[in-house]
Amino acid sequence: MNPPPVIELRGIGTRFGSQVIHRDIDLRVDSGQILALVGGSGSGKTTLLREILGLLQPSAGSVHLFGVDLADPDSGRQRATRRRLGMLFQQGALYSALSVFDNIAFPLRELRCLDEDWIRRLVHLKLGMVELAPADGNLMPAELSGGMVKRVALARALALEPELLLLDEPTAGLDPERSKQFVALIAALQQALGLTVMMVTHDLETLSKLATHVAALAEQRLIACGPKAEVMASDHPFIREFFANDGWKTALMAAHGK
């Protein structure tokens with residue numbers, strides 16, 4: 001029997017008052033895929049990500065993670081499912097009053113089953129995974145560069161050994177060199193840990209280096225979803241405009257082996 005999709009959206013509709021954001025969205029993300037969710041400003045990319053996280057409830061339809069409906073009333077099953085995913089927010093969302101060490105330790109302490117010695121070992125392991133030193137754990141968020149904020153937030157997202165990693169504009173605010181380094185780090189971790197990744201991005205370089213699949217939001221719906229090269233071949237006006245640069249299109253096709 002085949003395993004269920006890591007993410008499955010069925011008939012998702014989202015409405016805030018009279019404003020309709022999404023209509024009848026179906027989406028499937030299988031294990032090992034790296035899906036880039038793209039769309040114009042106000043198309044509901046981050047809203048959809050928050051619904052997958054369970055931070056927002058859709059107005060219609062259902063969200064399934066690893067085959068479990070997020071509306072399942074079994075709280076134990078819900079907690080177990082949520083521990084299988086990690087989230088990197090756009091600005092890092094670090095707790096400003098906590099040190100780097102305590103930010104990463106926070107989800108580990110929430111488990112209430114690990115002693116402080118094990119938590120220390122795990123935090124240092126996660127710092128090493130994102131190419132930071134144990135001494136960096138003593139720093140406060142206000143002392144970090146933009147690139148370090150991203151790495152600490154990524155370490156926290158990986159604290160519970162998730163199978164699914166959600167990224168909201170992972171390279172936003174980084175200069176080109178730091179963006180390149182962070183993308184390379186995510187790619188290496190995805191390969192090493194066998195992660196499934198869904199990311200919101202508008203950056204073509206990030207998309208070209210990471211994504212295996214693309215889902216495009218426009219007109220309150222998914223206008224295309226599939227392997228990167230197939231979506232790029234769509235003649236929808238939004239997709240033609242998004243990939244309008246011929247140089248980028250050639251590079252993206254080459255990266256996909258087309």
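Contact here means heavy atoms within 4.5 Å. The model shown is predicted.

**View 1. Helices α3 and α4 meet through their side-by-side residue lists.** From α3 (100–110), the residues in contact are Val100, Phe101, Ile104, Ala105, Leu108 and Arg109. Helix α4 (residues 116–129) answers with Glu116, Ile119, Arg120, Leu122, Val123, His124, Lys126 and Leu127. By class, this contact has nine nonpolar, one polar and four charged residues.

**View 2. The packing angle of α3 and α4.** Two packed helices are described by the angle between their axes and the distance between the axes. For α3 and α4, the angle is about 120° and the axes lie 9 Å apart. The pair is therefore oblique. The crossing of α3 and α4 is right-handed.

**View 3. The largest pocket.** Its volume is about 680 Å³. The lining has 20 residues, and Arg82, Leu85, Met87, Pro107 and Leu160 are the closest to the centre. At least two lining residues come from each of α2 (75–82), β6 (85–88), α3 (100–110) and α5 (146–157). Sorted by class, 14 of the lining residues are nonpolar, one is polar and five are charged.

**View 4. The second largest pocket.** This pocket has a volume of about 180 Å³. Strand β4 (residues 60–65) gives the largest share of the lining, three residues. The lining includes Gly61, Ser62 and Val63. Also among the lining residues are Glu51, Gln57, Asp69 and Arg82. By class, the lining divides into five nonpolar, four polar and three charged residues.

Technical notes
Residues numbered from 1 in each chain as written. Predicted model: local features only at pLDDT ≥ 70, side-chain atom pairs only at ≥ 80, totals over all residues. Heavy atoms only, no water. 1 Å grid on protein atoms, 1.4 Å probe; cavity = no way out; pocket = protein on both sides within 12 Å on 5 of 7 lines; lining within 4 Å. Points joined across faces, edges and corners; volume = space filled by probe spheres on them. Helix = DSSP H or I, 4+ residues; strand = E, 2+ residues; numbered from the N terminus. Nonpolar A, V, L, I, M, F, W, Y, C, P; charged D, E, K, R; others polar. Axes fitted to C-alpha atoms, helices over the stretch in contact; angles between N-to-C directions. Parallel < 35°, antiparallel > 145°, perpendicular 65-115°, else oblique. Left-handed = near helix turned anticlockwise from the far one by under 90°.
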